Amino acid sequence: MTENDERPRNESGEYVQEHTEEAVLEVMQPLEPYMTSEIADELGWSRRSAYNVLTRLHESDEIRKKKPEARRVIWIRPE
């Protein structure tokens, strides 16, 4: 750990998760299709971070996932 590490911590000293499901849901309009890169760009996150959060939301049935091509995923927030 460096002295310049400014990531927020909780009372136990653990890092606070900065990439949250709530942040993704706030930027997704219901029934609008999104690609991972669109969510990442909107939130200023890496594509990998956005993909990980979107995957968690899909696994908890909060959003739908369509895979029209091998390397393309479309995410949709239900109404």
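**Figure 1. Accessible surface and overall layout of the predicted protein chain.** The accessible surface of the protein chain comes to about 6000 Å², and 42% of this area belongs to carbon and sulfur atoms; areas were computed with the Shrake-Rupley method and a 1.4 Å probe, and for residues only the protein chains shown count as cover. The model is predicted, with local features requiring pLDDT of at least 70 and side-chain atom pairs counting only at pLDDT 80 or more, while totals for chains, interfaces and linings use all residues. Residues are numbered from 1 along each chain as its sequence is written, and side-chain values use heavy atoms, with hydrogens and water left out. The protein chain contains 3 helices and 3 strands, which follow one another from the N terminus in the order α-β-α-α-β-β; helices (H or I, at least four residues) and strands (E, at least two) are DSSP runs numbered from the N terminus. Of the 79 residues, 25% count as buried, where buried means under 20% relative accessible area, exposed means over 50%, and partly exposed lies in between (1.4 Å probe, protein chains only). Among contacts in the protein chain with a separation of 6 or more, 44% join residues 24 or more positions apart, a contact being heavy atoms within 4.5 Å.

**Figure 2. The largest nonpolar core and the surroundings of Val24.** A nonpolar core is a set of buried Ala, Val, Leu, Ile, Met, Phe, Trp, Tyr and Cys residues joined through side-chain atoms within 4.5 Å. In the largest such core, which has 15 residues, those that touch the most other members are Val24, Met28, Ile39, Leu54 and Ile63. At least two residues of this core come from each of α1, α2 (36-43), α3 and β3 (72-76), and α3 gives the most, with 4 residues. When residues up to four places away in sequence are not counted, Val24 touches Ile39, Leu43, Trp45, Val53, Leu54 and Leu57. In soluble globular proteins, nonpolar side chains tend to be buried together.

**Figure 3. Leu25 and Leu43, in helices α1 and α2 respectively.** Leu25, in helix α1, is buried because its relative accessible area is 18%. Leaving aside neighbours within four places in sequence, Leu25 is in contact with Leu57, Glu62, Ile63 and Arg77; Leu25 and Glu62 are 37 residues apart in sequence, and their C-alpha atoms are 8.9 Å apart in space. Leu43, in helix α2, counts as partly exposed because its relative accessible area is 22%. With neighbours within four places again left aside, Leu43 is in contact with Ala23, Val24 and Val27, and the C-alpha atoms of Leu43 and His19, 24 residues apart along the chain, are separated by 9.1 Å.

**Figure 4. The 2 salt bridges of the structure.** A salt bridge is a side-chain nitrogen of Lys or Arg within 4 Å of a carboxyl oxygen of Asp or Glu. Arg56 and Glu21 are joined through their side chains in one of these, at 2.7 Å from N to O, and the pair links distant parts of the chain, with Arg56 in helix α3 (residues 47-59) and Glu21 in helix α1 (residues 21-27), 35 residues apart. Arg56 counts as partly exposed because its relative accessibility is 32%. Arg72 forms a salt bridge with Glu69, with the closest N and O atoms 3.6 Å apart; Arg72 is partly exposed at a relative accessible area of 35%, and Glu69 is partly exposed at 46% relative accessibility.

**Figure 5. The largest pocket and the residues that line it.** About 180 Å³ of space lies in the largest pocket, and the lining consists of Met35, Thr36, Ser37, Arg47, Tyr51, Lys67, Ala70, Arg71, Arg72 and Val73. Each of α2, α3 and β3 supplies at least two residues of this lining. On a 1 Å grid over the protein atoms alone, a pocket is an open set of points where a 1.4 Å probe fits, with protein on both sides within 12 Å along at least five of seven lines, and lining residues have an atom within 4 Å of a point; grid points are joined across faces, edges and corners, and the volume is the space filled by probe spheres set on the points.

**Figure 6. Positive phi values at Leu31 and Asp61.** Leu31, in the loop between α1 and β1 (33-35), has a positive phi of about 65° although it is not a glycine, and is partly exposed with a relative accessible area of 48%. Asp61, in the loop between α3 and β2 (64-69), has a positive phi near 60° and is exposed with a relative accessible area of 69%. Most residues other than glycine have a negative phi.
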